[in-house]
Structure formats: C-alpha cells, structure tokens
Amino acid sequence: MAQSTRIGGAPRVDRAEVLAIPVWRIRLNLMWRGLRANAALFAENPIGLVGLGIILFFALMALAHPILMSTVWDKGTYDPVLGIDLAIPLHPTAPSATHLLGTDPLGRDILSQLMWSARSEFALGVVAALVTVVIATTVGAISAFYGGLLDTAFMRLADLIIMTPFVTILIVLSALFDVKLIELAFVVGITSGFGGAAIIIKSQALTIKVRTYIEAARVAGGSNSHIILRHIIPNLLPLSFLYMMFTVTTAIFSEAVLSFFGLLNIRMSWGLMIHTTEYTGYLLDLGKWWLIFPASLSITMLCAAFYLVGRALDEIVNPRLRRR
Amino acid sequence: MAKDPLVIVEGLQKLFPLAVGILSGEKHYIHAVDEVTFSIAEGESLALVGESGSGKTTTGKLLVKLTDPTGGHIKMRLNGDHVDIAHLKGKETKRFRRQVQMIFQDPYESLNPRRTVFDTIAEPLVVQGVGELQDRELRVADLLELVGLSPAKTFLFRFPHELSGGQRQRVAIARALIVEPAFVVADEPTSMLDVSIRTGIMQLMQDLAARLDVTYLYITHDLAVARYMSNRLAVMYLGKIVEIGEMEDLLHNPLHPYTKALLSAVPVPDPTIHRTAPNILGSIAKPIDPEPICRFYERCPIRESICAENLHPPLEDKGAGHRVACYLV
Amino acid sequence: MAETLLRVENLTMHYTTRAGEVSAVDDVSFTLDKGASMGLVGESGCGKTSIAATILKLLPENAEIKGGHVFLDGTDLAPMSESEIRHVRWRRISMVFQAAMNSLNPVYKVGDQIVEALETHLPQLSAQETRKRVEDLFRLVGLDPKLADQYPHEYSGGMRQRAVIAMALACHPDLIIADEPTTALDVIVQDSLLREMTELQKQLGMAMIYISHDIAVIAEVSDRIGVMYAGKLVEFGDTEAIFKHPIHPYTQGLLSAFPSIIGPKRELATLPGEPPDLISPPSGCRFHPRCPYATDVCTEKVPVYEEHRPGHFAACWHPLE
C-alpha cells in the first residue's frame, strides 16, 4: 500500500511493536476473555447452574454407556434393544443388584435403556437447535433489513406455523412418511426456525437496523451484505443462541410424544420406553414404578434443564433482567 | 469566491411524506430541507446552525448520501469534475465514500459494541478493499496516535465499552479520516461530551483539519461551539437558509431577525452581562406543508404585509459574501 | 436578613455495584437561603444529580447515606423514614428531573396528572379548588389552561417541560430542585423557560437549586454557585466571585473551557485526562491527576473545605489567589 500522501510526517508507530502479535491470536484471546466473562456472569445465577448441572449429568450418562457396555455389562443381557436376562423367568422385574432400575416387560435392563437414549436425545436436541438458529437468524435478519414483500411472506409463514398445532403436524407426517430421529430433528428445527423465533429475531434486527453504527457502516461504504453479515447478524446471535435452548426442549418433548404413540422409527428412546410400558399394559400399574418414572423423569428433567439454562442466558443477553 | 468550490448545493430539497389514512387520500409532506443553496470552498469550514426541525441534520445526511434528495442538486468536485452525487451508481458510489465521510453525534451509538477499535476504524479500508491486514493494522495504529489515543497498541483491540465518551469520539474521528476524505460532515460531534472533554475534541478536529486539508461542514445548535470551529456560518430555519456569511461578520452584525433572536438567546458565561430577551414571537412550528410565504413570518417581530404576499424571500448578497433572505433588510 | 432554608452538612452517599462501592457524594456542605437560587455545576458523574436524589431520599436500593445531615428549616431529613420524607416531597421540596418531559404519563391528560398530584399531597382541597389551582399553575408557567385537557404527545418539548414544572410547583414548595431542565430544548425555548423560572421563583418566594453542566446557564440563573468534581464540592460562592476570582483550579479550567459568542474569539484551554473512577478515587485531592498545580501534599491529604473569602468556600491546597 502506498505511503499516505496527506497524513504526512514520520511514522508515529513502531512497526515491529504493532505487528508483534498476529491478529488472529489477539482475536482468539479476546474471544476467550469474552467467554470467561460470560461464564462468570452465568455462574452468578443459581437457575442456570442447576440446569447446567442436570445437562452435565445426562451427558455423563450418555458417555458412560459405551464404557459400561464394553467393560462391566454383558452384551447379551444389557443391550438396550435386544438384551434379555434369561436368568430371570418372569419380566418385568423390580430393581435389584444386577439390574439397578429393574427390567422392562421384554426383559431388557432399564438403566441401560435410559443411558443409551440420553445420547440420541442430545443429538436430537443439538441438530434441531442448530437448524433453528440458522433459519431464524437468516429469516429475521433478511425480513428486517429488506422489508417489503419478503418480510410479509416470512411473517405470514410464521403466523401459519404458530397457529397450526404442532403435534398434529407430526402425527400426520409420521402417517405419511417413515420418520426417523434425524428427520424429526429437522422438522422441529425448521418449524421452530420459521415460527415464533423468526418473529422475535426480526424485531431485534429491526432495533439494530436503526442504530447509528449501521449508518456509520453505510457511510464507510458498506454494502447491504456487509452490513447484514458483519453488523446485524453478530448482534443477533446472542438472542438466537437463547432460542436454541427452547428449541431443544421442544425437540425432546416432541420425540417423547411421537414415540409414545409409536409413530417414530427409532430403536430406543425415553418415549419408546413409556410406549413399551403402555402397549404391554403396565401403564397404570404403579406398583411397577420403574417402568415409567425413570424415563418420564428424565424427559422432564432434561427439558427443564435446557429451559433453565435458557432463562439464565436470557439474563445475560437482556441486561435489564439482571439483578444489580 | 476565489477558489473553485468543493461542494455546490443548489435548490436542495428533501420532503418526507406524512403517514396518511387510506381513506382521506390527502398527501402531506414535511419540508425538512426546502430549496437550500450554498457552496463550500476547499479547506473551508462551514457551520450549519439551527434549532430542532431546521433541517440541518437532514442536510448533513443528504451530503453524505445516507438519503437522496427529492429535488435540487448536490455537486461535489471529486477527482477533477463536479459530479451530481444523487446520480452516482455502484462503483462510483463506493469511490464517493472514499472522499466524503461523517462524524456522528453520539459516541455511544456510532460504534458497534461488538467490534474492536481496530475493526471499527479499519472498516472503511476493508470495505474499500484497501491494503492487506498488516498494512491496515499499521495504518490504524498510526491514526490512533494521530487522534491522541496513545499508545496505539493498548487501544487497538479494545471494545467501545472499555472507552470513555471522549475516547470513543476520537475513534469515530479516526474512522472518518482513515480513508483521507476531502470532505467531512460533522454532526454535533461534541454535544454529548462533557465540557472538559469537548474542548479536547474540538482542538483535535481543528488540528486535523489544518494538517490533512479537510473541508468541514459542522452541524450544531450551539453557536459558541460553531464560532470556535468554523470560519463561515449558515443559519437555518424550517428547512431554509435565512442567513449565510463569514462567522465574525454574522455574529457581530446579524441582519436576519431570526439570527438576531438566536444570538440573543444564547446564555453568556459572564454574570455581569445581562442579556436582553430575544425578539421573536410564538413557538416553533413543524415544516408541514408550509404556506408559500416567508417561512419566518409567523414568528417575525418586524414582519410586514409584503412578507405574507410573496414567496419566501431569496438570499441576497449584502456585501462580502454576507447573504440574507429577508424583504425588509 | 436572609433566613437559611436548607443546610447540608458533610453529606456522604455511597452506592454498591458489582464492581465495588461508588463514592458518589463525599462530605458535601452548603447552605441555601429562603427564596435564593443556587447552581450546582459539574460534569457527568460529579455527583450533582446524586446530591439532589440524596436530599430527597429518592435513592435506589443499592444506595445508602453514609453520613451527614440535611437540615430543612432545622429538621434533619437524612435519618427520616420513607413515610416521613413523603410528607416533605412535593410539599416542601419538589424536583424537576432530567428529560422530565418523558416522565409525563402518555395515557393520561396532562391536567389530570397534576390533579392527581394535588389530590395526593393536598387532599384537603375540594375538587373545585383543585381544578382552579391547576388552571393557575398552567398560567403561571405560561401555558394556556385549555391545554390541560390534552395529552402529552400533543405538546411540544418545551410545553411538556413547562407542564412538568407546573406539577413540581403544585403544592407551592419552599424549594425546587431542577436537574438540567433545559438540556434537551432549543436555545430560544430554553431562554423563555429560564426567564420564567427565575420570575416564578421571585413571585413565589421559592428557593431553587439549579443543576447543570452548562456554566453559562448557571451564571444567568443562580445567585450562588457550587462546583462539583468527582463527588466533592470543590468550590462554593457568589456567582460573580466564582467567575471573576475562582479559587479552585478545576473551576478555572471549567471556565476557560467554555467558548462564548461574546467578546473576542479566544483560545480554549483543555483539561487533560478524564474524570476519575469513583470506586477507587485518587488519593488525597480527587482532582490532583489533572491539576497543573498539584504537589505531593495533594496526593496525600484530602484538602480541607474552608472559607477562603467571606462567603466563598473552596477545598484546595493551592488556591488561586
């Protein structure tokens, strides 16, 4: 780059000093600092910590399963889908030394089922959440920025999605198609993304659009895409991230409902555990509590955990909610 | 005018339609800027002064092409010839943005809170595709020293919330100047700063103006600050320029009744001087569908029938570049 | 012989934040006579708004009066409970806040809002008397009484500010504290509002504390001026004395930082540095990092606030004399 002609005089900075640390390293450092600051803020909120604790608990569960399967547990007996304990004649059995949460009517170990399913619940949640974030942020940013027909179209679509009962859609879909977990993840992600989340993100994008620094970016010569990508979306991401949490809750819960009705093509899940209890006639048999409670408790707790984390994040994203 | 002007504004007009019911069918417009004509010579600093609703901020936005005029022309001498900036397209607009920049009023709002000082100041370079990362880093650091944020290294990667108002405004100034523009519009850059910080910024802008040969349009409501920053003054009222000329000339010898009222309303930081009340009637109106008479008629203390029977008076030269829009002067 | 209405003695107020305790008002003392007007000038964060809030005990939860007294006609307001101070607010001391025009409720007519204030604080008035007083108040502040039936959004900025002042005057208080009442207004509107406030003050025999960062406005409106810096009152005296013979270097710095349209165009002086962090303020004199005359004693000992000339107080180890 040619030496500037108007800002004259000897260079005011030491070249070597300024270029000492490469920019990427500085940015990484800044991101790390930001993360730590946010983590500290998050840690002040007991709600968030409880939620995080529960999530970690289930995450450990998911990770522990393959370890247990390859070490302590015998594959034939403890496989969550095909296992059967032939040593005991009558199933389901109550919790015992060998089966900590008992067995289900088909002779399978409940604890093993619980732990194995945790993994798919997480996968489901993460995929659905990511899909939602991408869609909601894009739709929200574009609607707010360009307005007009595009905006109207997206907003009417969102209204439509909000109006339609979600579970009904799922049931119809599963009647028409063979719905697997990954497909469910996408359906939840897409409907969440184009639905309520898009509207909220759009209204946030609208407040950003009129900020002075956007005008400044325009005067600097920024094109529409530059402004959307470098100014609007980065300021939307905290809010999108927040909505992610609520999407996970929806995803896990929808899976439970679909599985309960036997409409989901999945080998094992918490919802399927309850379904098994139902079609074998033990649903109302409270004496055999281990057939329902571990599974339903897990669903509730994991959903609640993500919701709590979402609420805690809300207080970070929305400083006005913070207690001084 | 000895020098060939850098900026020529002719009959500039900006109308904003008022939201109107679907059934009424009538259209109303806010005449934010209404047939404004003036020019700015190279190296000059013109202060644009007025109260709220005068159109000064809108004029500033028109000059940096944040919005386009509904009438009239803005011609700027960019790379030789005068170009009508309303008709620029694509690449030409980008080139325009290298020549014309803006410093905004609110140092807390004009910087993206998520971007570092480096990113903010380097943005014009990035968008214009100037230089590589290292070149930009050096150039930004150099500019930080120039605007008094020293040592540059410590400020380079700070975030806006780590800076004070005065420091943020220095960053905003650096951002405006990094592309070495020929013309800068400063929209009340000191009004939101503390007094003791304000003078520092004002001095910085003066210093840079001289050093970099930048032409300024300084928009403000504060006449005292305008006096300090500029050598020429234009007074606006309800979208029109009512008086324009050399700063000291206008301050000591105002001709238009509005200018006189404005000057007499400014509080004086001297308890021994007692100001007389400004000679002006009524209260300020919104420039919605104004009558085709002198715009100042409603409030003018010396109005005559001639003022209500003709269109708004044109600017007339009273000597030494001092122009007034009044039938009675 | 003027009577003392308000006597503030060694008032100290802190508030707690996540980052630490902020020493917002530190050992401030001044007096105000009945019917007199006083200006409090300083930059943002100097504590001038905090003092007003402290006098009226309009403090947020994390704020606390750490010491000192606020004597209103001999009665100390500082230790009062919320119910006790409520009798003082509006009736004896009222306040016009910054950007007060935004404190008008948009869904109620302006007149009704003043009626409500009157019904709360002067319940002994009949409905007729209340309505009459609202009309009188409107006329007092230069508003057409017919405007009482309109909503805030139908008023201009200047009109709204007048309405808020009318509300503050509703109970004919002894003291009105105005915090930057004209900052958001155009200069011509500001001028008429300032004239009216001074006029009203004389008419009603009210005392006034006018808070602003604009020393020109303060010069025109106040008999006495208090200069605040970083939570401390660094100088206090008659307006003319402050302008012609400032004692504290900060006052001098502030005076020479204001451009003026009167007189020759002069060079402006800059004060180097920034106002300090009030969580850990500078040791000794809080102004020493920016003071051109600072010496070692300034960094070690807090300067004593004393009377340097009759009626002219300052806190400085190297007063300009």
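Domain bounds are those of an automatic or database domain assignment. In this predicted model, the assignment for chain B gives domain 1, made up of 41–64 + 88–230, and domain 2, covering 238–329. The centres of domain 1 of chain B and domain 2 of chain B, taken over C-alpha atoms, are separated by 31 Å. Eight residues from domain 1 of chain B and 10 residues from domain 2 of chain B form the contact between these domains. On the side of domain 1 of chain B that touches domain 2 of chain B, two residues are nonpolar, four are polar and two are charged.

Chain B also touches chain C, in a contact that takes 35 residues from chain B and 33 residues from chain C. On the chain C side, the elements giving two or more residues are α6 (187–204), α7 (215–221), α8 (239–244) and α9 (249–256) of chain C. Of these, α7(C) provides the largest share, five residues. By class, the side of chain C that touches chain B has 16 nonpolar, eight polar and nine charged residues.

Within chain A, a helix pair was examined. The axes of helix α6 (residues 148–163) of chain A and helix α9 (residues 196–209) of chain A come within 8 Å and cross at roughly 140°. Angles over 145 degrees count as roughly antiparallel and 65 to 115 as roughly perpendicular; α6(A) and α9(A) are therefore oblique to each other. The contact involves A:F154, A:M155, A:A158 and A:I162 of α6(A), together with A:G196, A:A198 and A:I199 of α9(A). Six residues in the contact of α6(A) with α9(A) are nonpolar, one is polar and none is charged.

Conventions: Residues numbered from 1 in each chain as written. Chains lettered and ligands numbered in written order. Predicted model: local features only at pLDDT ≥ 70, side-chain atom pairs only at ≥ 80, totals over all residues. Contact = placed C-beta atoms within 7 Å. Helix = DSSP H or I, 4+ residues; strand = E, 2+ residues; numbered from the N terminus. Nonpolar A, V, L, I, M, F, W, Y, C, P; charged D, E, K, R; others polar. Axes fitted to C-alpha atoms, helices over the stretch in contact; angles between N-to-C directions. Parallel < 35°, antiparallel > 145°, perpendicular 65-115°, else oblique.
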